[in-house]
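Could you walk me through this model in my viewer, one selection at a time? I would like to know what to click on and what is there.

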Amino acid sequence: MAIKRASKKKNIKKKTPSKTWRTTIKKWSIRLIIVFFGLTITWVLLLTFINPPLTYLQLKRAFERKAIGKEWKIDKQWLDYEDISDNLKRAAIAGEDAYFLTHSGFDTKAIQKAMERNQTGKSLRGGSTISQQVAKNVFLWPQRSWLRKGLEAYFTVLIEAFWSKKRILEVYLNVIEMGQGVYGAEAAAHYYFHKSAKSLTRKEAALIIAILPSPQKWDAKRPSTYVNRRANSIVRYMSHYNIP
């Protein structure tokens, strides 16, 4: 009579539901991170050659105007870097970002000064470089939040890595808000001085840059005492700065 041998049972460990969910979440998180980096890097690379068609801020301001009964207005006209007056390029660096050509996207001294000023209870002031302003205006939204500031830093690193300083300044001077419904150098030059941004004088260029902290409130054509004083200061320092 044959003796039957007891069959060995395989030890199969069943995954618990919690482990299954953790594994699934981990896989999807990794995929989302890869997609995020892939899309954002591709976006930045594309805008190395393609001019940004519209920005979130431009659309937001236009809808705000419609909501209060004003006309829809997004006045902008792209002007290539070579065609923009050197006076405006120098004024932008002198008035907005003195270390533009030497920093890697962030001016730590300006950020520190802004933090100290804000802690004293005075009016809030940012320490944003031209690169940071391009990151915010082209890729993000204007409202302050830690999420936006984090993404702003991320996009600043990307454009500093993939764009030249010349391209950063070109995009900046073409997309920045320079008046009510007015965006970029060419539209601003026509709006305030009835001429092209190709032929702006030193004082005209300085006046446009002087209103950038509050372009919805200040006017380059009819400058307040403060704006005029700020413009004169920019004019004095313009010759000290090189441009890309």
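**Starting at the surface**

Begin by selecting Phe-63, which is exposed, with a relative accessible area of 53%. Keep in mind that this is a predicted model. Phe-63 sits in helix 2 (residues 56-67).

**Along helix 2**

Stay in helix 2 and pick Lys-60 and Glu-64, which are four residues apart, about one turn of the helix. They form a salt bridge, with the closest N and O atoms 2.4 Å apart. Lys-60 is partly exposed at 21% relative accessibility, and Glu-64 is partly exposed at 33%.

**Helix 3**

Next, show Lys-89 and Asp-86, three residues apart in helix 3 (residues 86-96). Their side chains meet in a salt bridge (3.1 Å, N to O). Lys-89 is buried at 2% relative accessibility, while Asp-86 is partly exposed at 38%.

**A buried glutamine**

Move to Gln-133 in helix 5 (residues 130-139). Gln-133 is buried, with a relative accessible area of 13%. Leaving aside residues up to four places away in sequence, Gln-133 touches Glu-96, Ser-128, Tyr-172 and Ile-176.

**Two crossing helices**

Finish with helix 8 (residues 185-193) and helix 9 (residues 202-210), whose axes come within 11 Å and cross at roughly 110 degrees. The two helices are therefore roughly perpendicular to each other. Among the residues that meet here are Tyr-192 and Phe-193 from helix 8, and Glu-204 and Leu-207 from helix 9. Glu-204 also has a salt bridge with Lys-195 (3.0 Å, N to O).

Methods: Residues are numbered from 1 along each chain as its sequence is written. This is a predicted model: local features need pLDDT of at least 70, side-chain atom pairs count only at pLDDT 80 or more; totals for chains, interfaces and linings use all residues. Side-chain values use heavy atoms; hydrogens and water are left out. Buried means under 20% relative accessible area, exposed over 50%, partly exposed in between (1.4 Å probe, protein chains only). Axes are lines fitted to C-alpha atoms, for helices over the stretch in contact, and angles run from 0 to 180 degrees between N-to-C directions. Angles under 35 degrees count as roughly parallel, over 145 as roughly antiparallel, 65 to 115 as roughly perpendicular and the rest as oblique. Contact means heavy atoms within 4.5 Å. A salt bridge is a side-chain nitrogen of Lys or Arg within 4 Å of a carboxyl oxygen of Asp or Glu.
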